[in-house]
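Work through the exercises below with the coordinates open. Try each task before reading its solution.

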Amino acid sequence: MTFEKLHSDVKCNCTDKAESDTVNEYVRKLKKDTIQDSDFATHWERGIKPERDECEDICSYKGVSINQFKEEFEKLIVSKYINTFTINPKKGAHYLKFKLKEETGKVKFTPEDDDQSHYNLFKSDTFTLESLITIDIVKFA
Amino acid sequence: MKEFNLDKRLLIKSDLVEIVENYRVLHFDDFPILYIGTNRLGNKVIGSHLEEDDDTKTILTLHTILSNKEFHQFMNGKVSYLDILRNSKSISIAEKDYSFKLVKAYDVEFNSIPSDYLPLENSFCPSIVKTHSLVFSISLKGRLADINKAVADEVSKIQNGFTEFLEERINSLKGINLIPKAMLQPYAAGSFKINFELDLRQKGKKSSLFLQQAPIDKYIANYIKYISESFVEDKEIFKSDNVELSNDFRQLEETLNEVYDKAYIKRPDNIASSLKEDILKSTAKFEKLTEQVGVNFESASITNVVENEETPLAFIDEDFTQNFQNSVEEIEVHKKGMTVDETFKEYKIYIYHLNTDTRTGNAFIRNSDNEEEMSKPKIKINGDEGLEKTKYTESLYMSKWITVSAKAKKVGEKFKQLDIEYEE
């Protein structure tokens, strides 16, 4: 699995300490009730750049924010999605529950104070939506 | 993005709605979905994410200027974001580039926001991970305070009242041997800000390691919040022991339990009852803050400061003051009863406000049980002779203590009203 696209325009090594994970389930909020390419586009790919020129920030903009779906975090994750929906319903009412294949990419644990199951997914050069194993699309609101 | 009809909207000066200081994200989900901060004039601004467009590399957000009261109510879950927008006359769409820099701002009315993008009825402030500290700030707003000025005497009373309030709360923690000292920090603009830091030292040579883990900062912050948010609503529980305690009171009691448990100190017996007693005692000090509101500044906000982030704890304006003081009086009348002098007696007073037409005003008088504390009763001077060049106006203008003959109405030992017999 290669990450040339990911590292082509920066000097950072974003996949340092990131791992392949084909075992755990992850979730990501969708804009609609079906999965689209834009749902897995990173900020960096869209042209959104961080304020600081630090690798930590750059890599976070080059990754896709996902949450590892474990029972103890389910309530917190869904509550984050519901909070977003409550403030701006246009941000979507569904999330995708999925697993990664061997060649999908690598995940890095990047917890935050209020988001303890947060990971960044660094997509490999061959990533497409088919690289994801869809388990379910869940309507949460 | 077309649904926002930006080309038909009125452009406004973007620096009015631009957040330049105190930026704080309240909810993040790929983008800052909800955030607050202050504009260049120091007004509170709340912002939320609407939409982004990869073709034009544009992010649209809603920015709304808040009053201090709205800010406090929103941050404490009393009003929803939808209600804020619904009642606001200063909503704007802030257009940003993909570096989150504000490019343009458009005036917008609530009714013209596409309904799909409106927050829901239950759009209350998301619960944020709160950390506490022993640093507090009181910001005065309105009138003199808006030009970064304050009357020295009023500032001094606020400082004393709040300092005593803080120190007394620590001293009332039974079995926790701490010496509190509230330290003043330099004043800051915005509009007029008084900063305090509560310094706690352990008594004796032996210091307890466990005491450092006790969430005293959280307890004091929640205590101030309780006095400001729940005390008026809870007044019945302070009148009698037979009234069921409210959830807000129980939560404060829970924090107090946590203080004892984490310090490995035995909880006092009947902790709810001693907490009730302490809250009642504290109202006298808190009243000192409320007494200053309304003349030279319109409101005071108490915040807890952690690493430059301020969490609002209390918002004191004239409405709050009225409700708070009425509730304290109601409880006192219930517990101590009201007495009225049957005959005229001599009292020493200092008149600080007097309308010579209506012959009514207010005066200071020392409480009969505690010379250190003063009441501020309403006064009425009988008769119809002019009050000019009398001892009453002399007291008013020369700040002089005078002896008057009056019938006093008292609640406990506090004076509430003086009917003064006119004397030349």
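Predicted model: local features only at pLDDT ≥ 70, side-chain atom pairs only at ≥ 80, totals over all residues.

**Exercise 1. Is Phe165(B) buried or exposed, and which residues does it touch beyond four places in sequence?**

Step 1. Locate the residue. Phe165(B) sits in helix 3 of chain B, residues 152–171.
Step 2. Check accessibility. The relative accessible area of Phe165(B) is 0%, and buried means under 20%, so Phe165(B) is buried.
Step 3. List the contacts. Leaving out residues up to four places away in sequence, Phe165(B) touches Tyr223(B), Ile224(B), Ser282(B), Lys285(B) and Phe286(B).
Step 4. Phe165(B) and Leu289(B) are 124 residues apart in sequence, but their C-alpha atoms are 9.9 Å apart.

**Exercise 2. Which residues touch the most other members of the largest nonpolar core?**

Step 1. Take the core as a whole. The largest nonpolar core has 56 residues.
Step 2. Phe162(B), Ile224(B), Ile279(B) and Phe286(B) touch the most other members.
Step 3. Ask where the core comes from. Its largest share, 8 residues, is supplied by helix 4 of chain B, residues 216–229.
Step 4. Zoom in on Phe162(B). Beyond four places in sequence, Phe162(B) contacts Phe136(B), Ile138(B), Phe196(B), Ile224(B), Leu289(B) and Ile302(B).
Step 5. Look for another core. A second, separate one holds 45 residues, among them Cys14(A), Leu82(B), Val108(B) and Tyr117(B).

**Exercise 3. Classify the ring pair Phe69(A) and Tyr95(A): stacked, tilted or edge-to-face?**

Step 1. Start from the total. There are 32 aromatic pairs over all chains.
Step 2. Apply the geometry. The ring centres of Phe69(A) and Tyr95(A) are 6.2 Å apart and the planes meet at 35°, so this pair is tilted.
Step 3. Phe69(A) lies in the loop between strand 2 (64–68) and helix 4 (71–87) of chain A, while Tyr95(A) lies in strand 3 (residues 94–100), 26 residues apart.
Step 4. Check burial. Phe69(A) is buried at 13% relative accessible area. Tyr95(A) is buried too, at 5%.

**Exercise 4. What surrounds the ring of Trp401(B)?**

Step 1. Find the ring partner. Tyr350(B) and Trp401(B) have centres 5.8 Å apart and planes at 55°, so they form a tilted pair.
Step 2. Tyr350(B) is in strand 14 (residues 345–355) of chain B, and Trp401(B) is in the loop between helix 9 (391–398) and strand 18 (402–411).
Step 3. Check accessibility. Trp401(B) is partly exposed at 31%.
Step 4. Look for a charge. Arg366(B) lies over the face of Trp401(B), 5.2 Å from the ring centre.

Methods:
Residues numbered from 1 in each chain as written. Chains lettered and ligands numbered in written order. Heavy atoms only, no water. Helix = DSSP H or I, 4+ residues; strand = E, 2+ residues; numbered from the N terminus. Buried < 20%, exposed > 50% of the residue type's maximum accessible area, 1.4 Å probe, protein only. Contact = heavy atoms within 4.5 Å. Core = buried A, V, L, I, M, F, W, Y, C linked by side-chain atoms within 4.5 Å. Phe/Tyr/Trp six-rings, centres within 6.5 Å; stacked < 30°, edge-to-face > 60°. Lys NZ or Arg CZ within 6 Å of the ring centre and 35° of its normal.
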